[in-house]
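Subject: Structure handover and notes

Hello,

Here is the structure for your files. Please have it open while you read the notes below.

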Amino acid sequence: MDPSPSTVGCFGGMFKRRKHRRDKKPLPTSAEKTVTVNSVSEHSGATVGQHQCSYFSPACNFAYGNAKDAWREIEVPPSYTATELSSMSPEVLQTVETTLDGLNASLRELSLEIHSHPEIMFEERHTHDLLTAFMSTHGFKVTRHYLGLETAWRAEFTNGSGGRVLGINSEMDALRGIGHACGHNLIAISGVGVAIAVKKALETHNVPGKVVLLGTPAEEGGAGKAILLERGGYADMDACIMCHPGPGLPRSISVGTTIAMQEIEIEYYGHSAHAGAAPWEGTNALDAAFLAYSGISVLRQQMKPDHRIHGIVLGKDWSSNVIPDYAKMLWGVRAPNWNELQAFVKRAIACFEGAALATSCTLKIKADLPYFDLHQNHILADAFADIVGQRYGVLTTTTDSTASTDFGNISYALPSLHPVFAIPTQPNGGNHTPAFAAAAATEQAHAATIMVSKGLALTGFKILEDAIFFKEVRGAFDTWKEGSSE
């Protein structure tokens, strides 16, 4: 794929769709809400008293919140499921947390190194070498340039014989022109930290199982995970987990869905001519592009509110006195799910084809691998929400997003968990902005990453250690798959 300035992936529209809490009760209607919560010690989980705190719906404001909203301890409402921590030994909790605390400084160093060397899709060479070397030093078997992708990699560790396989993802790519404006430096180190913490827990507590960490390139267009999925990169995994930063409430996490997306490359071929002397001899490819753009603009009137389409026009060697013989367009088409996306893509293609017909241009269409809508396994999501709520005082919601991720494809193939955690940002400084790139390098963003990584590692270890829990996870996935195929 041509490495274009496309920014179709990820979480530019974070926390924008439906908004409700994990207990499914509707939020109050006002923008500001006040709730009574218990204050929780981050490491002990002990209740130390009650107080009032104000918070803002993340759907109302893409920024991190008002200046008065500092990082503080808040707790989710009483758990709506059985207490997940009650089935986890204090020794496992200590192993995971101590391991990640011990890695804190080196993970911070890795994050800043990745952040200062942003690399766009399929060009993450420096990050590939940096992370594979790091995983090798921590006892993982590393496969570089995995499955024919130059910047993909795999790090695995097996303890004992038998057991289940936990998959983890580390995204690595940046955005053209604005660097790590989606915080993939934080995703990269979270995957590394989770994998090493789960490895340590398997060894320390003599639990059989395998941990597989994939370095996945090209999330911001290119569908790196979808390519790896097609080539068998996820075939041996029983479940897969990862996380993603976004704007939002202090100490908040969302386990909502994202929407499906298809990136389409359109090329119009015409015939050049002197624009002043003999314009009638030309076939104007730029006219075709603008007519297609106008067609999409007209289509917007009949679009559903939860559908999206956005694109840009590119060319080569254009001059005002020459009829352009070539024009290129890049479009991102989005809909809530894969079925609706397919129907919407057909309507968009009709606009592109109509423009070619009207201008007598030749049309070439290239559709990249689609990004499926994200399906969060609700058993995994519930367990994770309980762990981070009780252990770290985190408010978890099921707020959905109009963004897209190639991890959605993975969620259609096996039980998956993809929480989105809040980091502090400037007003209007959400994902895919220079302000978010700056936010992704802050100490507070790093602290939030370590916190969510602890929750993921504990949830991941539970998948490997608890057969009854995994049976519920797999059952929920199978039930959803049967329903989605009807």
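The notes below go from the whole chain to single residues.

This is a predicted model, in which local features need pLDDT of at least 70 and side-chain atom pairs count only at pLDDT 80 or more, while totals for chains, interfaces and linings use all residues. Residues are numbered from 1 along each chain as its sequence is written, and side-chain values use heavy atoms, with hydrogens and water left out.

Overall

The protein chain has 11 helices and 16 strands; helices (H or I, at least four residues) and strands (E, at least two) are DSSP runs, numbered from the N terminus. Of its 486 residues, 58% count as buried, where buried means under 20% relative accessible area, exposed over 50% and partly exposed in between, with a 1.4 Å probe and protein chains only. Contact is used here for heavy atoms within 4.5 Å. Among contacts between residues at least 6 apart in sequence, 81% join residues at least 24 apart.

Helix 1

Helix 1 covers residues 90–116, and its 27 residues should span 39 Å at 1.5 Å a residue; the expected span is 1.5 Å times one less than the number of residues. The end C-alpha atoms are 38 Å apart, which agrees.

An open sheet is formed by 6 strands in the order 3-4-6-5-7-15, with mixed pairing; two strands pair if DSSP finds at least two bridges between them. Strand 3 and strand 15 (416–417) are at the edges with a single partner strand each, so one side of each has no neighbour in the sheet.

Strand 5 (residues 164–171) has 8 of its 8 residues buried. The cover is on both faces: Arg164, Leu166, Ile168 and Ser170 are buried on one side, and Val165, Gly167, Asn169 and Glu171 on the other. Strand 5 runs parallel to strand 6 (residues 209–216), with 8 bridges between them, and Ile168 stands opposite Leu213 in strand 6.

Strand 7 (residues 239–241) is joined to strand 15 by 2 bridges, also in the parallel sense. In this pair Cys240 is opposite Ser416. Ala239 lies in strand 7 and counts as buried, at 0% relative accessibility. Not counting residues up to four places away in sequence, Ala239 touches Val165, Leu166 and Gly167, and also Leu414, Pro415 and Ile463. Ala239 and Leu464 are 225 residues apart in sequence but 9.5 Å apart in space, C-alpha to C-alpha.

Cores

The largest nonpolar core has 69 residues, and Met135 and Phe140 have the most contacts inside it. A second, separate core has 26 residues, including Ile264, Ala288, Met303 and Val345. A nonpolar core is a set of buried Ala, Val, Leu, Ile, Met, Phe, Trp, Tyr and Cys residues joined through side-chain atoms within 4.5 Å. Leaving aside neighbours within four places in sequence, the contacts of Phe140 include Met135, Ala155, Phe157, Ile196 and Val211.

Buried polar residues

Thr151 is in the loop between strand 3 (141–144) and strand 4 (153–159). Thr151 is buried, with a relative accessible area of 1%. Its side chain makes a polar contact with the side chain of Glu124 at 2.7 Å; a polar contact is a pair of N or O atoms within 3.5 Å, and within protein one must be able to donate a hydrogen and the other to accept it, with residues adjacent in sequence counting only if both atoms are side-chain atoms.

Asn409, in helix 8 (residues 407–413), is buried at 7% relative accessibility. The side chain of Asn409 reaches the backbone nitrogen of Phe372 at 2.9 Å. Beyond four places in sequence, Asn409 is in contact with Ala226, Leu229, Pro370, Tyr371 and Phe372.

Positive phi

Most residues other than glycine have a negative phi. Ala218, in the loop between strand 6 and helix 4 (224–230), has a positive phi near 55° and is buried at 0% relative accessibility. Arg251 has a positive phi near 50°. Arg251 lies in the loop between strand 8 (244–246) and strand 9 (252–254), and at 10% relative accessibility counts as buried.

Regards
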